[in-house]
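Subject: Handover of a structure, with notes

Dear colleague,

I am passing this structure on to you, and below it you will find my notes on what came out of the analysis. Please read them with the structure open beside you.

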Amino acid sequence: MYRFPLHFLLYTCAILSLLALVEISFFYSNQKDEQQYEIHKYSMEDESAINESVDFELKKRRLPGCLIIGARKGGTRALLDALALHPMIRAARREVHFFDRNDTFSRGIAWYKDQMPLSFHHQLTIEKTPAYFPSFVTPERVFQMNSKMKIIVILREPVIRTISDYTQVYYNRLELKKSLPLFGEVVFRNGTDQIDTDYKPVRNSLYEIHLRSWLNYFPLSQIHIVDGDKFGIDPLPELRLVESFLNVPHLINSSSLVWDQRKGFFCFRKNQRQPPHCLGDSKGRTHRPVSSSTRENLRKAFLPYNERLFALIGRRFRW
Ligand code: A3P
C-alpha cells in the first residue's frame, strides 16, 4: 500500500527536476543570444549611424570665439587652413566682413552666426577677415559682442607685405582694365621719401597704429601675434603657440603639413587618405618687381612704426 505512492512521488520529483533543468538551460541560452545581439547592435557600421544622429542633434552654428584680424597678405588664409586641421577648431570658410562694413553689420548678430560652420559645443569657431585689423570701427564692435574674444594677428616683414599687397591690387586692377600705377609712385608722396600713409598697401603695414586701436578695448594677453615669416617656412612651432593661446591640446602634427616643392609652401591635409590641399594661385605668387633703392627707402620709413610696435608688445621681430 505504501510503496506505490513513494515510487510515484520519486518519479514525479525526477520529472520535475528534469523539466526545471531544461527550463534553466533554455533561459541561459536565450540570454546568450540576447548578449550576442547587443554586441552585434554596436558593430562599427552601426556606430557611424549612431554618431550621425548625435551630430545631427548637437551640431549647431555658434558665434566665433576667436578672430584672425589680419594683417592682409600676412599669411591669414594659410593660418586659418592650418588651424582648421585641429579637431577642436571649426573655421568659417569665407571672409565675412561683419564688423568692418556697415551694410553687413546692420544685418545683426543672428545673420553673423548664420555665416558660421556647424560645430559641437566643445569646438571653437574661428573667423578671419584681414580688413578688421586696420578698421577703426571694428575693435569696439567686437568688444560689444564678446569682450573675451581671442584675437590673432599674423605679421610679416612690412616691406615685403606692402609689395605683396601692391601686387594683389595690381592684378585686381589689371583684371578690371584699370590704370596700373608704378609702386614707387603710389607708395611715396610726390617724388619724396615720405610714405603715403593713406595708400592702403602702405597703411596696412603700419601695424603699430592698428594694434593701438585694438589695445583700447582688449588687453595684450588677449591678442596673439604670429610671426608670419617663420610660419611660412616652418609652421608647426607657430601653430603650437596658437594652440596654447587658444587653450586647445597640441593636436596638429607634422604629418598634416606637406611641403610642396612646386608651390614653395606647405600644403595641408586632414588625414593620410586625402591628398594635400594647397592654397590658390594668388597666395605665394611672384611679386611685381621693385628696385632695391625703393625697398630700402620703404624699410627706413617703416622703422619708427616698427620700433613703436615692439615697445607696445614687448617683443621684437627681425625687421
Ligand atoms: P605672397 O603671395 O606675397 O607670397 P593672406 O592669406 O593673408 O592673403 O597671405 C598671403 C601670403 O601667405 C602669401 O603671400 C604667402 O607668402 C603667405 N603664406 C604663408 N604660408 C603659406 C602657404 N602655406 N601657402 C601659400 N601662401 C602662404
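Among the contacts in the chain between residues at least 6 apart in sequence, 71% join residues that are at least 24 apart, where a contact means heavy atoms within 4.5 Å. Please keep in mind that this is a predicted model, in which local features need pLDDT of at least 70 and side-chain atom pairs count only at pLDDT 80 or more, while totals for chains, interfaces and linings use all residues. Residues are numbered from 1 along each chain as its sequence is written, and side-chain values use heavy atoms, with hydrogens and water left out.

The chain holds 13 helices and nine strands, taken as DSSP runs numbered from the N terminus (helices are H or I with at least four residues, strands are E with at least two). Of its 319 residues, 40% count as buried, which is to say under 20% relative accessible area with a 1.4 Å probe and protein chains only. The chain exposes about 19100 Å², of which carbon and sulfur atoms supply 57%; accessible areas come from the Shrake-Rupley method with a 1.4 Å probe, and for residues only the protein chains shown count as cover.

Turning to the ligand, 19 residues surround it, and the closest are Thr 76, Ser 164, Phe 266, Gly 284 and His 287; a residue is counted here if one of its heavy atoms lies within 4 Å of the ligand. A polar side-chain atom of Ser 164 lies 2.6 Å from an oxygen atom of the ligand, and a backbone N or O atom of Gly 74 lies 3.3 Å from an oxygen atom of the ligand. On the nitrogen side, a backbone N or O atom of Phe 266 is 2.8 Å from a nitrogen atom of the ligand. Taken alone the ligand exposes 570 Å², and the protein buries 95% of that. The elements that give two or more residues to the shell around the ligand are helix H3 (76-83) and strand E9 (265-268).

Thr 138 counts as buried because its relative accessibility is 0%. Leaving aside residues up to four places away in sequence, Thr 138 touches Phe 99, Asp 100, Tyr 132 and Trp 214. Phe 99 is 39 residues away from Thr 138 along the chain, yet their C-alpha atoms are separated by 5.2 Å.

How values were computed:
Buried < 20%, exposed > 50% of the residue type's maximum accessible area, 1.4 Å probe, protein only. Polar contact = N/O pair within 3.5 Å; in protein donor to acceptor, adjacent residues only side chain to side chain.
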